[in-house]
Amino acid sequence: MTRHLVDGVAVGWDELGTDLLDGAPREILSALTGGEQWSSSTLDHLVTPDGSPPVRMTVTEKTAADLDVQWGYILRPHGIEVISALHAAAGSVVAWGTDPRARFRNHPAHWSAPASAAAPPARPAATSPSVGPRTAARR
């Protein structure tokens, strides 16, 4: 996952495709995409104000607020940690083995911060019913 999402892109992603699901069981692919397949696409059409080549944006705790970043994702050996700006100290860790068809709570107020950012929380976020979709996409 790290190789594809981080190392495999020069600047950023325009869209993540079903290539992230390569090797997944057919029933998972069908449930998540309706059987359709498409490739991920990178941000190849960026133009900078001064004409210089675009560079990858680096987001840190100090720069996140100025960049209007509301969510972050940390790839950990035991799962992906999902962090909102409201819970910057730690987020909910979803284990890599979690069924991707599971319903997730998408509002950080429902999450309990783990005792340590390196350890998974006592209650995974993937087992709770959804509270509804986010109203706007953020990159």
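Glutamate 81 is buried, with a relative accessible area of 0%. In this predicted model, glutamate 81 forms a salt bridge with arginine 76. The closest N and O atoms of the pair lie 2.5 Å apart. Arginine 76 is partly exposed, at a relative accessible area of 21%.

Aspartate 99 is partly exposed, with a relative accessible area of 32%. Arginine 101 is also classed as partly exposed, at 41%.

The chain holds two helices and five strands. Along the sequence these elements follow the pattern α-β-α-β-β-β-β. Of the 139 residues in the chain, 22% are buried.

Three of the strands build an open sheet in the order 3-4-5, with antiparallel pairing. Strand 3 and strand 5 (92-95) take the edge positions. Each has a single partner strand, so one side of each is left without a neighbour in the sheet. Neighbouring strands are turned against each other by 25° on average, direction ignored. Strand 4 spans residues 79-84 and pairs with strand 5 in the antiparallel sense over four bridges. Within this pairing, isoleucine 80 stands opposite valine 94 of strand 5. In general, strands of a sheet pair through backbone hydrogen bonds, in either a parallel or an antiparallel sense.

Serine 40 lies in the loop between helix 2 (26-33) and strand 2. Despite its loop position, serine 40 is buried, with a relative accessible area of 15%. Its value is under the 20% cut-off, so serine 40 counts as buried. The side chain of serine 40 reaches the backbone nitrogen of glycine 17 at 2.8 Å. The serine 40 side chain also makes a polar contact with the side chain of aspartate 19, at 2.6 Å.

Valine 59 is partly exposed, with a relative accessible area of 38%. Together with Met57 and Leu67, Val59 makes a nonpolar surface patch of about 250 Å².

Technical notes:
Residues numbered from 1 in each chain as written. Predicted model: local features only at pLDDT ≥ 70, side-chain atom pairs only at ≥ 80, totals over all residues. Heavy atoms only, no water. Patch = residues over 30% accessible without salt bridge, like charges linked within 9 Å, V, L, I, M, F, W, Y side chains within 5 Å. Areas by Shrake-Rupley, 256 points an atom, 1.4 Å probe, with all protein chains shown as cover. Salt bridge = Lys/Arg side-chain N within 4 Å of Asp/Glu carboxyl O. Buried < 20%, exposed > 50% of the residue type's maximum accessible area, 1.4 Å probe, protein only. Pairing = 2+ DSSP bridges. Axes fitted to C-alpha atoms, helices over the stretch in contact; angles between N-to-C directions. Polar contact = N/O pair within 3.5 Å; in protein donor to acceptor, adjacent residues only side chain to side chain.
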